[in-house]
Amino acid sequence: MTAAHQHPELDKDIVRKHDSPMRSYMVLAIGVAALLLGWLFGRQAPGSWLTAYLVGFVYALTLALGGLFFTLLHHACRASWAVSVRRLAEAAGATLPLFLPLFVPIALGYRRIYAWTNPQNANPAMQELLAHKAPYLNGPWFLTRSVIYLLIWAWMGWWFWRRSVGEDDTPDPAVARRLRTISAPALVVFALTINFAAIDWIMSLAPSWFSTMVGVYFFAGIAPAGFALVAVPAVILRRRGVLSGAVTDEHLHDLGKMLFAWIVFWGYIAFSQFMLIWYANIPEETKWYATRLNGTWLDVTVALAFAHFILPFFFLLSRKTKRNGVTLAAAAIWMLLAHLLDVFWLIAPSTPDGAGGPIGLALTVLGFAAIFFGAFALAARRAALVPLGDPRLQESLEFETV
Amino acid sequence: MERSSSPYGLLARFRGPEPLLTAARALRDAGFKNWDTHTPFPVHGMDDAMGLKPSRVPLFVLVLGLGGAAAGMLLQWWVSVRAYPLTISGKPFFSWPAFVPIMFEVGVLGGATGAVLGFLGLSKLPRHHHELFSSAAFEHVTDDGFFVSIEASDPQFDADVTPEMLRRLGAVDVETVMTEEST
Amino acid sequence: MIRAGLTSRPGRPGELMAERVDIDPIQGRAPLIEGAATFHDITETVARPVEWKPPLGWWLVFGVSVSLLALFLVSIAWLFWEGVGVWGNNVPVAWGFPIINFVFWVGIGHAGTLISAILFLLRQRWRTSINRAAEAMTIFAVMCALIFPGIHVGRPWVAYWLAPLPNQMGTWPQFRSPLMWDVFAVSIYGTVSLIFWYVGMIPDLATLRDRAKRLVRKRVYGFFALGWRGSNRQWSHYEKAYLLLAGLATPLVLSVHSVVSFDFAVAQLPGWHSTIFPPYFVAGAIFSGMAMVVTLMVICRVAFGLKRLITPLHFDRMAKLILLTGSMVAFAYVTELFIAWYSGNLFEMFTARNRALGPYAHAYWLMMFCNMAVPQIFWFRKARVHMPTLFVASILVNVGMWLERFVIVVTSLHRDFLPANWGLFKPTFWDIATLAGSFGLFFTMFCLFVRFMPMVAMSEVKGVLPEAQTDEETAAVPASEAWQES
């Protein structure tokens, strides 16, 4: 049925050995510098700067959450194919603790972007509505919840990485079983925290708007980002010879298939939410889309539909593009950029000041990306690039896709 | 009515999927063209062992799938904009968001039709009568029988040498299957 | 070969082979088929029920089903004669049991496609023992489903107006209506499911053809087997077609129940207009469908001697899927309740309160119990492989899911925006008779299926046996792990 497949030899030394971490520290430093520069640039318009900061924050956070989701999912499903690339996802999830300190500027300045913090500026009808929501949408509770989400994710990201790494030298089947048993309830907690984080950080930007789908939509962006995030280093490290023993065409194909599936899922969720709100035409709901379908935002919306769904759908349909490292990595990088567009599209149109000038926004977003990727690389460096202790590693190396 | 029979080919039975794969590789390497293997389930690796090219069914699916989707959208556009435009809750005549579900469904129907037509067409089915059915042993092909069939029309076929070759490759039984021709 | 072995260890009744399933989940995986089975064993095990006289149990179930089917036909005849007034449908609840039953049956059908198509794409080999029966269940469930919209229109004799056909009146259907989307979605779903089921059965029909002793059987099976001869060239096309059909059926499942959810969600009615409806309905459909598969398989494996093919491992997997999809449904309930409050919308908040505290509160709380509480038992491995627990829980899940549609339809309609328009819905005898009758149709078709058609996908099961593995698959893998489910 399929071409003769490879039985790769995994060179355990290569996946353990790492060159100097200086480069990663440098990337981190560049990121911090870019953030500071962005602040300097945008200082005059703190509302815009904070919006740009929120966009960057949510973007980088969703990449880390994508890695965490990848890890949890494959533990819960006992999927053996993904084992050889799972360490990359675990490393991405391990960066989650970083987002607690990164949240501080938002905690200090959220009143500039969340309109519900200033009910006195609103018309009487809106004031009445905000008074109704006050038990949920109030400063202290909002901040407490945000910290709770970040703490939970930080703990999960760190714990799943730490346990897996601990097995590298001394494999213990009890650990692997523990990881699997915990992953299922962890997914439940993950789902709930994602849902309410989306409600708090994204939906409440437009406090009169509501949609039960918002949490699912947020998740639908996180999942493909996670798979794209794993695919890129998997391809690069394979080319460099580091992971050539662990990552075969079969793995790339499966990563490509899953990426394709999550892209389709995103398209389905995005379209469903839009179509239902469009169809019922209720003003308190359509307002949110009306902002995004008028003026310059219309261009962004159309671009998003093409970039995040239509183009990658047809590109990843073919078997060849999924099995080839170059095309798969290109598609994955494209998706990471499309995801950024998605996050920007979710946040910026609903903020009072918008995201400000392009330079400030670019600096801030680049800053976050650099910080995330720097931290990602550092976390990956601290252990072998493949979960050597996982009992299903051998299966993963030999697997052949349908 | 006179009936003359000429040999259709050989039917060789093997013990299991493993010996069959080995035999298939040997036959492929020997340059046989008009032959086939028969198994109760698809054997992993047999396509390679036989040197087969990948199936062209996906092409049928893609063409008919996209065609179906286009047809679905075209139908709705034509009905709602040209043939019988109705003003429904102030929506535009070409309400494309409302047309997506049916467009998608008709596309899937097209794709599924393509899969079936492609499969049947390329497999040359239905074909209720085939020379191989005259063999009693062949009844086991849907149970636990693993067979190789080589047509006499194959250029490599030799009525004396080929059966021996099959036996050497591990066939537990080789029989000659006749065609039934009427003059 | 496989750890925990094949020796029979008597366990407590109902706990059958729980111990055997308790194989170290990390080091080794439990066998898919128990006992050393050859290809011929599989053929015999599956073909036997088709060729022998059916056991008494089959006749009993068939008898009851046919009686219910007769009730169904009588109910429909009476409906056509007297009109839709024989049902409880009225103002304000203009949609009553028919649409509840429609959504219920379509939902059940989806699990069959999940098992056939989605689990195939995910390389879950354990599906091979149950996918044929599950696909059949889909076909029959869709049949039941399609009948309801057909009969509930006031003038069923012009139901063909729903089809986009040129006519003398110069009219065309209104494609912006989700009810039209339903017509296309559900009929296409039925068609594609039928195609998928049939194509998958061709090799097995050929098996029955080759085994048939009587000429009539040989001819009939032979006709439908299309002359299949197991040729690898044909297998190559077959596998590709099967893969692509699976790939098409997967988004189809998602889309069909989403379209069904659109029936409600495109409206402006509180409790109906909720953007999460599409994935929530799909999860709910798979939830109820899996439960129905469990109910059917618990009975069939015993009744037809298929215990070695449909093992506790299969139930373990299915129970986990029930838990997963049940959790998704629970998630949607929580989100809807929260957003109903958050929205500050008077009507949304009232609808939520009315569901929990109004005249239909009993239905609501029973639904919550069946859908949120009952599946939680499947966190425990012992429950996942305990047949009586599985049987009871799966039935409760389906009761809960029927009630969910009841709650959605009735509570949102009976008290909407204008209090002067409020009313109550009371189901009539014919409502219930038609619902019960639809089960008659379903089970009659299922009984006929197990009687005349191969209940298990023989060729697929053979393909996952150890004997089927070739050296390409087993090269570097030790014999004990040579054959595992994905």
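How many residues of chain B are in contact with chain A, and how many residues of chain A are involved?

Reply: The model is predicted. In it, eight residues of chain B meet nine residues of chain A. On the side of chain B that touches chain A, two elements of chain B each supply at least two residues: helix H2 (46-50) and helix H4 (96-123). Of the elements, H4(B) gives the most to this side, with three residues. Sorted by class, the side of chain B that touches chain A holds three nonpolar, three polar and two charged residues.

Chain B also touches chain C, where 60 residues of chain B are in contact with 56 residues of chain C. Two or more residues on this side of chain B come from each of helix H1 (17-30), strand S3 (35-38), H2, helix H3 (57-83) and H4 of chain B. Here too H4(B) gives the most, with 17 residues. The side of chain B that touches chain C is made up of 35 nonpolar, 16 polar and nine charged residues.

Chain A has 17 helices and zero strands. Its radius of gyration is 21 Å, which agrees with the value near 21 Å that a compact globule of 402 residues would have. Buried residues account for 51% of the 402 residues in chain A. Among the contacts in chain A with a separation of 6 or more, 84% join residues 24 or more positions apart.

Key:
Residues are numbered from 1 along each chain as its sequence is written. Chains are lettered from A and ligands numbered from 1 in the order in which they are written. This is a predicted model: local features need pLDDT of at least 70, side-chain atom pairs count only at pLDDT 80 or more; totals for chains, interfaces and linings use all residues. Two residues are in contact if their C-beta atoms, placed from the backbone, lie within 7 Å. Helices (H or I, at least four residues) and strands (E, at least two) are DSSP runs, numbered from the N terminus. Ala, Val, Leu, Ile, Met, Phe, Trp, Tyr, Cys and Pro count as nonpolar, Asp, Glu, Lys and Arg as charged, and the others, Gly among them, as polar. The radius of gyration is taken over C-alpha atoms; the globule rule is 2.2 Å times the number of residues to the power 0.38. A residue is buried if 20 or more other C-beta atoms lie within 10 Å of its own, exposed if 12 or fewer, and partly exposed in between; C-beta atoms are placed from the backbone.
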